[in-house]
Amino acid sequence: MPYALCTSILETSKDNYVLFQAASTIKECIIRDWCLLQPSDIESMLSFLMHYVTHNIVVQSYVREQILQAIAVIVKRGTLESSTNDRGIVFNEIAKHITSGTLSEQLVACSMLSALLTEYANTSCSSRVGLTWEFHHKCKVAFEETDLKQAFVFCLQVLHELDSVAMPLSREVTAVFNRVLSITQQILSWEFLPKNIPRRLIGSFKPTHNVAFKPPAGWRDIVLDHALVDMMFRIHQKVRLNPEMSNHSRQCLSQLASLNGPIFNNNKTRVDFLSHYIEVFLQLITSVKVERHECLDIASIVNNFMIFFPICIFTSLSQEMLLSFIEQLTKITCHFCQEAALEDATRQDDPVYQEAFEKLLDSWMCFVLEASELPDGCLTHPSTEIINTYLQCHLAPPDGTRHQMGTAVAGEEEEEYEETEEDDREKFKDQLCSIGAFCRLVSQHSVPLLSRLLEQRVSRLHGQLQRIQQLAAATPPSDSCQLDTSVVNSINEDLHWLLLVSAHLLTDDARGETPMIPAPIMQYSISLAHVMDVETTLKVLGSPGYEAHTIPGSDRGADPVVRLISAVFRLCQVEKQHQAEYLSPQVESSTMWFFTRWVPTYLLPNESYYSQMSLAINAAFGHDTDGGQWTIAYLLDKIVANLTIWCSEPDVIEDTLELLTTLVDKKERSDCVVKCDTIWKLAKDFAANGHPFDMLSASANRHLCKALVLAGSASFHENSQDNYWQLVLKSVHERFHRVLTLNDLKKVMHETQVKNEVISLLESMCGVTEATRVDNVNLLFQFLQPALVECVNILDLYHNYEEVVHLVLELFNTIANRQMCYLGENDSKKIYEHTLTVIQLYAKYNIGRRSVSADTEEDQFSDLSLLMSVLTNLLSKDFIDFGFTGDNSAVGSVVVSAADVVIYGLNIIVPLMTAELLKFPSLCHSYMRLVAYITEVHPAKVCELPHPLLKALMESVEIALSSGGTDVIRLCLEFIASIATHIHQNNLAGSFAHKSLEHFLQLVFHMLLLEPFDMDLLDTASPTLFCLICCHQQTYQTLVNSLLSKQSNGATYQRLVEAFSALTSNEIQLKIDRVNKNGFMENFDEFLKNVRGFLCVK
């Protein structure tokens, strides 16, 4: 044993690297030889290391830390042995050095304490000692029960000294106290073990992030003592300008704010703790200027209040304190808002104020959503202040401070930034949602305010645009670029932000839900019904060419909600009257986005959704009203104008077409749309493919086709629907036919104009397919079916053009996704045949293909994802089928099924799924979803695959099982269970598929019992293991016996024998059915709780 040599090296050598290696060797040998060493030897080694580390203060820190780690390992290793009192020895040394030692000795004691905390924390940072999770768990429990609180007391003793030391601190004192603050943070962030360990934690050494402070009841005397909070705040005030120490002190305060759990025996103690904490917290933020490095932790403290103390605790505070807290919270929120806006204006790389501001807004929402529980009106002033501050930060003077807050980046750098920067409505989505909630809380303030600001900006924009156009007319063309547009640019920026805020005030993001007018907005409009005049309101709405204040009675008689909406219509009117070169694409895009959010909520609302309906809103936008029809007609005119004016701005066109799609995606609205001459003109112009449609991008053509087809599903008069379809669908078909019948197509196919036309037509057909609904599916399929035949020819011609290949696959995928469930057998057969041909063509040109292009793997990734999506959607026909089920196939014809296509597709896909491609998470998930799906539906076809293909499939599943995420592993297990069930129930023992599963039994067995495992997967993994056991009972017995033979401890061996016996007790038959599966799952759950703790080793 090398202990004598290593101790000699430590005593004599001066080389730090050699010393480090000697300390490492001692640690590793102690772990290895523990059972062979006598207690006296261990005690002697511990004493030597303790003496060495306390008497060699000048040794390099990394050497000292390694020695301290060795000490910590010795202490932890002996924790459960009654013959040792190593922890007592070490803690006595720590106490001696902390209370009476020199600064250097105190620093060593801190390092020793930190090493013990790290070792006992039972996380990935703990040393690997080759012992079970159960051992580590018991050590942690013992440490928590007897030593952790003592360690906390040590820290508080040193911090109490710091509290009394006069400033400034010396370098040595700073080092000691910084280390103590770090340890205090470590203790306050400690993950205390619950009495009943959740099964997901058994066997896991993964650390939990963002742990709240949840000490046991035995800590009440320390933690609930007001002196603790007082001292921690005093210390923070003392060290707040020291970045490193301040970071630890702020984290400590934040963790104290998360205090929860059994330490509170009733609500009274919670109220008492929160009341005192808030009192001291308010003293801090009112007595100092919050520094940049403090803002995030200040926000975290407030956020922890809201998370861990329910609203009833806040309402139990004295009203004076609650109102004071809300007042100061309002002030720091406004301050952070101003600083966040400044960060954004100056393009800060680390926008900490932005994050802190959003965290505070998130905290406020706890109050806003529970406003009825708070004292009446206590949120009115704070909401008003926050709204006003937010608007001021984003508006130019005189109403705002935007240009005064910082110097914006200019010139080419600004243009480059705007091209790469995320859109404001996405970047600030969370902020805007919160501001919208504040606005609704004080609708009586926010709605008129936003109306006034919008109307003023629209009026100023109109005046400035007139001025610029007059100057441009009087200026020689050579000098036109010198026109000053700075004022217009400033107004446009104001309008952009006012539109964003107004949209979030008036609407919610209703994706996946029924869009409804927010209750506060509806109630606000209803509450003013006695002073509002509906006729005046409609005049304000229907006169976008006039300023609202010029309409008689508008100031008092117009509904404020409708007036706010009408301000956006006035903006549209101003844009109509001026040349595009002086307009803002950003404002245009924001306007279209505003209406896209607004239309589903307000335009032709379903009155049955509301207990009360505002007369003004209903008159302006309701069913069977002149206001509703006028609004639709006006929006259609605006959409058509945009397609002409902004055809070179893809973002504006995208938002415009999104609005058009929203207008027609519900039958009630599309019925009104087709009454407008505008939609017919739009359809005719589209059919002619003249300007501006020949200028639109291919993707824009897709959105336009989708919208026009959706409009065609409306209720038409007499034969007008046939005329409409002739315009929309026949024109696409004719263009498609014209291209494909070119005499010299093979010669001209590479020309840009021809290729772009093919791409545009494929996009258009994708748009047509995306508009599929149950009432138009037959019509659209009849239109698309001939085109699918031609798409096969296109794929053959353009197989080297990735964009075309991708669109062909996407078209087939969209048809499989949107139409398959509605098609009858005969039509479904046609889709299967076309898809099979496409897959064959793709395989012909891609299997074995080699390329030096760096984009090849990405292209293959994209194509394979689409192919797998096509096959998965085809297969769903077996589950979801609303089509005609009669047999329309000709007698004697060969019937191609979805399973045949998918199985053939597997022949193509499986060989391409290399280990490198399976590293792409989304691709791996798509692949396993398809494989699990086909195996669930047609396990026999999978088991009958050719042996080389089945082998490749099993190998790919093994790779996914060992390296995939949670969802991928779940799909792998489902695949294995389906195969095993089929084999067992059909007596296929000895088949190639049966033999392949034997290896998976070993993998799943070791994964569940011996490796880190996500216990959330247990409900899938345990029936999979049961199915594998049923298939390979002898192999299972071999695995069990092998595991038992490795148990050197007699007690562990016996526990394992009993656990395995209970797992497959006589009540459980090795027969795959629901009863036995459920019984095994229950037994296996108990089995893991009993044995995983001592089988998982670290």
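This is a short chat about a predicted protein model and some of its local features.

Reader: Hi! What should I know about the model before we start?
Author: Hello! It is a predicted model, so local features need pLDDT of at least 70 and side-chain atom pairs count only at pLDDT 80 or more, while totals for chains, interfaces and linings use all residues. Residues are numbered from 1 along each chain as its sequence is written, and side-chain values use heavy atoms, with hydrogens and water left out.

Reader: Thanks. How many helices and strands are there?
Author: The protein has 51 helices and zero strands. Helices (H or I, at least four residues) and strands (E, at least two) are DSSP runs, numbered from the N terminus.

Reader: And what does the C-alpha trace span?
Author: Along the principal axes, the C-alpha trace spans about 100 × 80 × 60 Å.

Reader: How much of the protein is buried?
Author: Of the 1098 residues, 54% count as buried. Buried means under 20% relative accessible area, exposed over 50%, and partly exposed in between, with a 1.4 Å probe and protein chains only.

Reader: Nice. Now aromatics: how many pairs turn up?
Author: Searching the whole structure gives 47 aromatic pairs. Rings of Phe, Tyr and Trp (its six-membered ring) pair if their centres lie within 6.5 Å; planes under 30 degrees apart count as stacked, over 60 as edge-to-face and the rest as tilted.

Reader: What is the geometry of W364 and F367?
Author: W364 and F367 are edge-to-face, at 6.3 Å centre to centre with 75 degrees between the planes.

Reader: Why are they separated by about one helical turn?
Author: Because W364 and F367 are three residues apart in helix α17 (residues 352-369).

Reader: Buried or exposed, those two?
Author: Both W364 and F367 are buried. They also belong to a cluster linked by ring pairs, whose other members include F233, Y277, F309 and F438.

Reader: What lies over the face of Y634?
Author: That is K576, at 4.2 Å from the ring centre. A charge sits over a ring if NZ of Lys or CZ of Arg is within 6 Å of the ring centre and within 35 degrees of the ring normal.

Reader: Switching to backbone. Where is the peptide bond from P397 to P398, and what is its omega?
Author: P398 lies in the loop between α18 and α19. The bond from P397 to P398 is cis, with omega near 10 degrees. Most peptide bonds are trans.

Reader: Where is T401?
Author: T401 is also placed in the loop between α18 (380-394) and α19 (411-420). Its relative accessible area is 28%, so T401 is partly exposed.

Reader: What does T401 touch?
Author: Leaving out residues up to four places away in sequence, T401 touches Q392, C393 and L395. Contact means heavy atoms within 4.5 Å.

Reader: What about phi at R347 and N987?
Author: Phi is near 55 degrees for R347 and near 50 degrees for N987. Each value is positive in a residue other than glycine. Most residues other than glycine have a negative phi.

Reader: Where do they sit, and how exposed are they?
Author: R347 is in the loop between α16 (319-345) and α17, and counts as partly exposed at 22% relative accessibility. N987 lies in the loop between α46 (966-985) and α47 (992-1009), and counts as exposed at 69%.

Reader: Last one: is R563 buried or exposed?
Author: R563 has 12% relative accessibility, so R563 counts as buried. R563 is found in helix α27 (residues 560-576), and its contacts beyond four places in sequence include S451, E455 and D555.
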